[in-house]
Structures are given as C-alpha cells and as structure tokens.
Amino acid sequence: MNNKTLLKQGAEARLFKADFYGRPCIVKERFKKNYRHPTLDNTLTAQRLKSEVRANLRCRMAGILTPTVYMVNFENSSIYMELVDDAITVREHIAGVQEQDRSTANDVLKPLAVKIGQTLSKMHENNIIHGDLTTSNMLLKGEPSDVKLLLIDFGLSSFEASAEDKGVDLYVLERAFLSSHPNTQQLFDCILKSYRESTKNKKSCAEIISKLDEVRLRGRKRTMVG
Amino acid sequence: MAAYIKVPHTLYPDKTITVALYRNVSCKELRKSVMSGAIEVSLLKTSMVIDEFQVLVAANKALHLQHAGTMMTKNVHSEILFCLSPSKNISESFQSFGAADSDTNVVVAIADDQDDERLDKVSEILGKSPVALTELSELADTKLITKAYKVSADELNSYDLRDAVVSRISAKEIITAGKGKV
C-alpha cells in the first residue's frame, strides 16, 4: 500500500491518508470487531459500507456536497474518497468562534445555522436519513464569504419517507449539538427555523417538527406496544 | 516525456495501468485485432471520456475485481469497459463506451503491459504514436456524458461533471443493486 498514514481511529473505522492516482485521498477502513459474532459483524459492516456509499451518492444527486468516492473495496470494507482540502468540522468551527468571544458567538454563527437548516431540509426532502447527525459529521471548506457545507459519515443512513425518522434525525442532532456546544439552544432553534423555511412541503414539515417534539418527550426509541 | 501514462495499481503495485490517446486514426483494423483476441487491450470511445482520471478509476476497479475474482465480464479489458459504463447491461455498455469502426480517435487502456509490448503493437497497427492526454478535453462530448450517466442539473450546480461521473463508476454495483433487470 502506498504510504498510508493513519489520521484517525474511530469506534467503527480507521481513517488513513493516501494517494489515489495523484490525488490526495482518505481511506476509511472498517475493521473487524472481535466482540461481535462474526456473522453479525460481517453483515453489519457490509451493510454500513453500502449505505454509506449509497447515501453519499443520493446526496450528491440532490446537490448536497459530499466527498467524491474513488473506490470501494469490499474485500477489506474500505472506501477511498476525496480528501477535502483545508476543511474543518463544524464542531471545531463552533468551538473556535465561541472561544474568541462567547457573547457574540451566536450571532457570528447564525449564517452557518441557516445553511445547516437548508442542507438538512434538502436531504430530508429527498428522503435521506443521515442517522448520525453531529457537528463532527459536517465539514466546512472554502472562504469565509463563500463557505461550503459538506456532509460526511453516512454509515448509519437509511431511506425513509416517514416523519418519525426525520424527526429522530433532527433529535439526534439537537442532542449532539447541545451536549457538545454549551449555550447553543438559540443556534439550534435557528437551524430549525431555517429547516422549516426551506422545506417546500409545509404539511410534512409540520408533521416532522411535531414528531420532534414528541421524540423529545419520549427519547429516540419508539414505544413498543403489542 | 511520453504522451501516455503508465501507473501502478493503488492496491497491487506490481500491476500497472496504461492509458493512451490516439488521434486521426482508423479504428477498424485495431478493433479487428482486439475482437479476434490477437491483442488484449481496451478500446474506449473518446466522446465518453472526460479525462484520464475517469479511465484510471474504471481500470483501477476492473483490476481490483479481477483480483477479487468478481468480474462480470470474461476478461479484465472488457471489464474496464463495463466498469466505465453506468449500465448493468454488458452489450449496451460495449456499444456506448467501446470504440466503433468508424471512430477516428480512440482511448486505449491496457492492464499489465510489460515493457509496453502491447502499446507498441497498437501504435504499429494504427501507424501513429499516442498524443497528449490533455487533448481528451477537446474530444469529450459533455452533453452525451451528462445524459449517459444521468447527471442532474442540481448536481452540476455543486460539482464538476468529472466528480459526478467518477462517483457513479466507483459506486456502480451499490446504486444499481436491485434496480431493473440484471
């Protein structure tokens, strides 16, 4: 393998930096988990690999930015994709802005919140459920005046039209948002407002938001009766 | 510097991929040699190729599938053609992405060409040397490519056509799974 260097180690996969025919690329390799039954492990790994690539493509087709996939290796469950130059995660960005001046942070971050809302609205309108929306799974690149938002890490994604799944998707983001960034309830409300404004189908949007309220009360898991 | 490129495969550095472009030639003779099995190379339609990276991604995948033993077609060179195409239909892929007798330009992709033996043979049959691959951009029919790969206007707003095409090539079996007849 040509000069793979380890970038990050997560719970699901390792990220390497490598070269793909002259282009810098990221190799995301899902490793075996010995604590899981081998059959279950293989099924889950293959499933996540596939849904990651599928959702990545579907998002692109809807005009949402994602890293370009260069190669899928089913043999060792790895994906070769574009290395997004000079990108930082939304998480790092928010933390950085908050560190500079906590009192004005929410105002500075408002345009970003609007952008996140628009992007998620577009994603849900195409019935793509991300499954793991966090500020670490959103990347920012480009000039501050024309910043681009990329979505990454679609391993837990699915395709559902139901308001329930979309509501849970937003709920997962809300929890991640508020737990990783203090004093950002206002900012999250801003994301929701922009989400509402961008969604063309007002009726289904109202349904999603009311599901979100419902999920907030009961948690992510559905009540199982009968 | 030579006009063509020859690079080692990302996963198997002992295997190589060669890509070369020929202009103002007659493909008829060369196609005959390839069809009869006299020379094993892949002949691609220049109008369907944006740049060499697109061919590299397809060839990279074909060699990988050969190694994994999961090729859909009978040899690695037909597999390069099939990988390049977004279609699941093999003969349809050959028709729209393979060079035709009447074509006067052709992209040649070769897997594992030791000492450039087969490339030299292609040059000999065509009676020409390969030209710079940068000329591919003049020959690509972006309208046709957009249509063949079903790239929407929404997508072209955010991406260039090459990236859209490349992702479809690399994810082909995943996005076409379960859709339409095999």
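**Sheets and helix packing in the predicted model**

Strand β8 (residues 138–141) of chain A and β9(A) run antiparallel and are joined by four bridges. This description refers to a predicted model. Within this pairing, Met138(A) stands opposite Leu151(A) in β9(A), and the bridge partner of Leu139(A) in β9(A) is Leu150(A). The hairpin of β8(A) and β9(A) has six residues between the strands, and Gly142(A) takes a positive phi near 95° there.

Both strands belong to an open sheet of three strands in chain A, with the order β6-β8-β9 and antiparallel pairing. The edges of this sheet are formed by β6 (88–89) and β9 (148–151) of chain A; each has a single partner strand, so one side of each is left without a neighbour in the sheet. Helix α3(A) packs on the sheet, where α3(A) touches β8 and β9 of chain A. The direction of α3(A) makes about 45° with that of β9(A).

Helix α3 (residues 105–125) of chain A also packs with helix α4 (residues 163–180) of chain A, at an angle of about 150° and with the axes 11 Å apart. Because angles over 145 degrees count as roughly antiparallel, α3(A) is classed as roughly antiparallel to α4(A). The crossing of these two helices, α3(A) and α4(A), is right-handed. On the α3(A) side the contact is made by Leu120(A), Met123(A) and His124(A). On the α4(A) side it is made by Lys166(A), Asp169(A), Leu170(A) and Leu173(A). By class, the residues of the contact of α3(A) with α4(A) comprise four nonpolar, one polar and two charged.

Helix α4(A) has a further packing partner in helix α6 (residues 202–218) of chain A; the axes of α4(A) and α6(A) come within 8 Å and cross at roughly 60°. This angle makes α4(A) oblique to α6(A). The crossing of α4(A) and α6(A) is right-handed. From α4(A), the contact involves Ala163(A), Glu164(A), Lys166(A), Gly167(A), Val168(A), Leu170(A), Tyr171(A) and Glu174(A). These residues meet Glu207(A), Ile208(A), Lys211(A), Leu212(A), Val215(A), Arg216(A) and Arg218(A) in α6(A). The contact of α4(A) with α6(A) has seven nonpolar, one polar and seven charged residues. Lys166(A) and Leu170(A) of α4(A) take part in the contact with α3(A) and also in the contact with α6(A).

Chain A contains an open sheet of five strands as well, with the order β1-β2-β3-β5-β4 and antiparallel pairing. Here β1 (5–9) and β4 (69–73) of chain A stand at the edges, and each has a single partner strand, so one side of each is left without a neighbour in the sheet. On average, neighbouring strands of this sheet are turned by 25° against each other, direction ignored. Strand β1(A) is joined by four bridges to strand β2 (residues 13–20) of chain A, and the two run antiparallel. Between them, a hairpin connects β1(A) to β2(A) through three residues.

Over all chains, the count comes to seven aromatic pairs. One of them is formed by Phe20(A) and Tyr80(A), with 6.2 Å centre to centre and 55° between the planes, and is classed as tilted. This pair links distant parts of the chain, with Phe20(A) in strand β2 of chain A and Tyr80(A) in strand β5 (residues 78–82) of chain A, 60 residues apart.

Helix α2(B) lies across β2, β3 (23–30) and β4 of chain A, and runs at about 0° to β4(A). Within chain B, helix α2 (residues 52–68) packs with helix α9 (residues 161–170) at an angle of about 5°, with the axes 10 Å apart. The helices α2(B) and α9(B) are therefore roughly parallel to each other. In α2(B), the contact is made by Phe53(B), Gln54(B), Val57(B), Ala58(B) and Lys61(B). In α9(B), the contact is made by Arg162(B), Val165(B), Val166(B), Ile169(B) and Ser170(B). The residues of the contact of α2(B) with α9(B) fall into six nonpolar, two polar and two charged.

How values were computed
Residues are numbered from 1 along each chain as its sequence is written. Chains are lettered from A and ligands numbered from 1 in the order in which they are written. This is a predicted model: local features need pLDDT of at least 70, side-chain atom pairs count only at pLDDT 80 or more; totals for chains, interfaces and linings use all residues. Side-chain values use heavy atoms; hydrogens and water are left out. Axes are lines fitted to C-alpha atoms, for helices over the stretch in contact, and angles run from 0 to 180 degrees between N-to-C directions. Angles under 35 degrees count as roughly parallel, over 145 as roughly antiparallel, 65 to 115 as roughly perpendicular and the rest as oblique. A crossing is left-handed if the near helix is turned anticlockwise from the far one by less than a right angle, and right-handed if clockwise. Contact means heavy atoms within 4.5 Å. Ala, Val, Leu, Ile, Met, Phe, Trp, Tyr, Cys and Pro count as nonpolar, Asp, Glu, Lys and Arg as charged, and the others, Gly among them, as polar. Two strands pair if DSSP finds at least two bridges between them. Rings of Phe, Tyr and Trp (its six-membered ring) pair if their centres lie within 6.5 Å; planes under 30 degrees apart count as stacked, over 60 as edge-to-face and the rest as tilted.
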